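Biologist: Please take a close look at one part of this model. I would like the helix packing, then the strands.

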Amino acid sequence: MINKLKKLWEVYRKERYQENLRHVMDHKTGLTPAEHARILAFPEFVPGEASLFGQPFSFSHGPSLIHSVDEIFKEEIYKFTSESPTPYIIDCGANIGLSVLYFKRLFPDSEIVAFEPDEKIFKILERNTNSLENVTIEKKAVWTEETTLEFFSEGALAGSVVTDFSNKNDIIEIETVDLKKFLNRKVDFLKIDIEGAENTVFFDIADHLHHVQNLFLEYHGLIGEPQNLGEILNVLKEKGFQYYIRLAGETIKFPYCGEKPSTFNQQLNILCYRT
């Protein structure tokens, strides 16, 4: 009887220990395992609120939040060093603000300008960044000039001025800014994740890249248009950057077998830096 009670107690103790672990926050991602699982199971495109680093954080799409938290906080894809305690950071495609929060945790005294054109996503970005100091957010898309464009709103990470990747046909009109105007001083980190529009914007800002110390460029090969990755890499080399390329998303598994991509023919993260 005593041995049986000891075994039951041991099972109970282990179960309690495992349950307690589910509520211990991961110091890198800011999520507990229980919160991670809850958000991942959240209905798609239903807005919600997470507990991130012990603070409320709004989201528009649970699975996208988890994907971005893992990429930005766990893998630290934007991690960089700076001699200045107040680096100047430009965030093109800020979405709901996870990248802004990461930069602020990395450099609390940094100066950040962030752009997000989708009005619904921008409202979430506004809530998530309103307590952060020295952060300017603009409800605009970066472009080659100041104008208005049609924008395909997706509701999570794939809003674009280029094409309707989600096939929702949710078209809104947005304002744009000329990105070149923000590159007239030293930029410690320039993040460009603008769902295909980089194919136009990158070449327009090429002559201003000498001001940029570190550049993150998510490259999307557009279906039906010539691939220009080679030209982009040549410009980076010409402007004095070293670069490292990572796969951002699998788009074709069997290119030799005539497989056709459904969104992009390539999706790459290009990490550009100076030595």
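**Helix contact and strands**

Modeller: From H2, His 36, Ile 39 and Leu 40 meet Gly 62, Pro 63, Leu 65, Ile 66 and Asp 70 of H3 (contact: heavy atoms within 4.5 Å; helices: DSSP runs of H or I, at least four residues; strands: E, at least two; both numbered from the N terminus). By class, this contact has five nonpolar, two polar and one charged residues (nonpolar: Ala, Val, Leu, Ile, Met, Phe, Trp, Tyr, Cys and Pro; charged: Asp, Glu, Lys and Arg; polar: the others, Gly among them).

The model is predicted: local features need pLDDT of at least 70, side-chain atom pairs count only at pLDDT 80 or more, and totals for chains, interfaces and linings use all residues. Numbering starts from 1 along each chain as its sequence is written, and side-chain values use heavy atoms, without hydrogens and water.

Now the geometry. The axes of H2 (residues 33-40) and H3 (residues 62-74) come within 7 Å and cross at roughly 135° (axes: lines fitted to C-alpha atoms, for helices over the stretch in contact; angles: 0 to 180 degrees between N-to-C directions). That makes H2 oblique to H3 (under 35 degrees is roughly parallel, over 145 roughly antiparallel, 65 to 115 roughly perpendicular, the rest oblique).

Next, the strands. E4 (residues 111-115) and E5 (residues 135-138) pair in the parallel sense over four bridges (pairing: at least two DSSP bridges between two strands). Ile 112 has Val 135 as its bridge partner in E5.

Elsewhere, five bridges join E7 to E8 (residues 171-178), and these strands run antiparallel. Thr 148 has Glu 175 as its bridge partner in E8.
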